[in-house]
Amino acid sequence: MENTSNVLCSNRRNTNMRKELLRLLIVGFCVVHTVPGCPIQLEPETVVVRYGDPASANCTVSEDPMGIGWEASEGSVDMTRGVKFIPWSLEHLTDWEIQPKCFVNFMNNTIPDQCEKELKVIVYKTPDSISISAVNHTDPMLEGEQYQLQCEVQNIAPVRYLTVKWYKGETLEDQTTYDDLTKTPVNVSSTLLITPTSADDGAQYSCVAELELGPEGPEPHPADTSEPLTITVHYSPSFVGPLEEQQEVIEGEEGSLLNCHANGNPPPEYSWTSPLGQEEKSSPELKISTSLSPGTHIYTCSASNDLGSKTKKFTVEVIAKSGPIVLWSVIGVGILVAVVLIVGYIFLKSRAHGNSII
């Protein structure tokens, strides 16, 4: 009797094991086995959505399914029978890591086959703020020195689609991209090295945080711009024109102004050295003295500030008043002598010609 009981229990255990094995086999087919080609089509295949905005997509299957549904951390849809189309939608998308999947079950020789397709979702957020500053520097910049500008972008996502662009005025100077795969908002910074010249005094620098989200993303690209940073550049004086000039004046007459204007920051101060040995600080313009005697005279101008100085030379030629009268007298006598010689020559030539005829 005991042996019969053992046999019955053994048979029951074997039957239970066979049932469990069959159940695991069916489950395994549902999870692993897929219909060749998986006839699922998602529209669109990629969804780009601002954090908190609505999102939606459609799942369509080309073959008759046993059931179709969506798996998702938000907005999941239970398997529905008798349809070949099912939507997925959210009124407010707030999951940065969401990965919705459309799944379809088929009946293949009484064994259910399943395939699935993941919807690519890009959740983005524009920055809370963007600002620009000079690193460890507040005073005016010096020409020829190197400085570092820094752009701070606060709370933006996803950073791998971010490009920070640097502009001087309307000109693109540089840009920075990022390879961080973090999907949630982060703070990032970008730096720009500059070596300003005198031409950069008053230049405005700005940075732009631009999210380039691909062909499915919004156009134009979401972009935020910092307030401009205006830089002040100090530089030594320099002259626009030549460093030497020449002028002529008539003795005793008032001559034109000598112009020694120079560019510089801080604005330069001027000093002049005249032919009379005077040296004075004044404006960049100076009148030529009417008391200069005929001849060559030199004026020297110096433009200087805290960063250096430059010198310009003016050569003034003073012409005596009688100079032009004597010159024209000599020219007149020369013309008169030339006329007499020409007339005499013609007269002698004609007489010689007449004698030859006789």
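Student: In which strand is phenylalanine 85 found?

Tutor: Phenylalanine 85 lies in strand S6 (residues 85–90), a strand being a DSSP run of E with at least two residues, numbered from the N terminus. The model is predicted, so local features need pLDDT of at least 70 and side-chain atom pairs count only at pLDDT 80 or more, while totals for chains, interfaces and linings use all residues. Residues are numbered from 1 along each chain as its sequence is written, and side-chain values use heavy atoms, with hydrogens and water left out.

Student: Why is phenylalanine 85 called partly exposed?

Tutor: Buried means under 20% relative accessible area and exposed means over 50%, with partly exposed in between (1.4 Å probe, protein chains only). The relative accessibility of phenylalanine 85 is 44%, so this residue counts as partly exposed.

Student: Which residues does phenylalanine 85 touch, not counting residues up to four places away in sequence?

Tutor: Phenylalanine 85 touches Asn58, Cys59 and Thr60 on that count, where contact means heavy atoms within 4.5 Å.

Student: What makes strands S20 and S24 edge strands?

Tutor: Two strands pair if DSSP finds at least two bridges between them. An open sheet of five strands, with mixed pairing, has the order S20-S27-S26-S23-S24. Strand S20 (244–250) and strand S24 (279–282) each have a single partner strand, so one side of each is left without a neighbour in the sheet.

Student: How do you know that strands S26 and S27 pair?

Tutor: Strand S26 (residues 295–305) and strand S27 (residues 308–319) run antiparallel and are joined by 11 bridges. Serine 302, for example, has threonine 311 in S27 as its bridge partner.

Student: What makes a space a cavity or a pocket?

Tutor: On a 1 Å grid over the protein atoms alone, a cavity is a set of points where a 1.4 Å probe fits but cannot get out, whereas a pocket is an open set with protein on both sides within 12 Å along at least five of seven lines; lining residues have an atom within 4 Å of a point. A search of the whole structure finds one cavity of 30 Å³ or more. Among the residues lining the largest cavity are Val249, Glu251 and Val318.

Student: What is the volume of the largest pocket?

Tutor: The largest pocket has a volume of about 150 Å³, a volume being the space filled by probe spheres set on grid points, which are joined across faces, edges and corners. Of its 13 lining residues, the closest to the centre are Lys120, Val121, Ile122, Arg160 and Lys183. Strand S9 (residues 120–124) gives the largest share of the lining, four residues.
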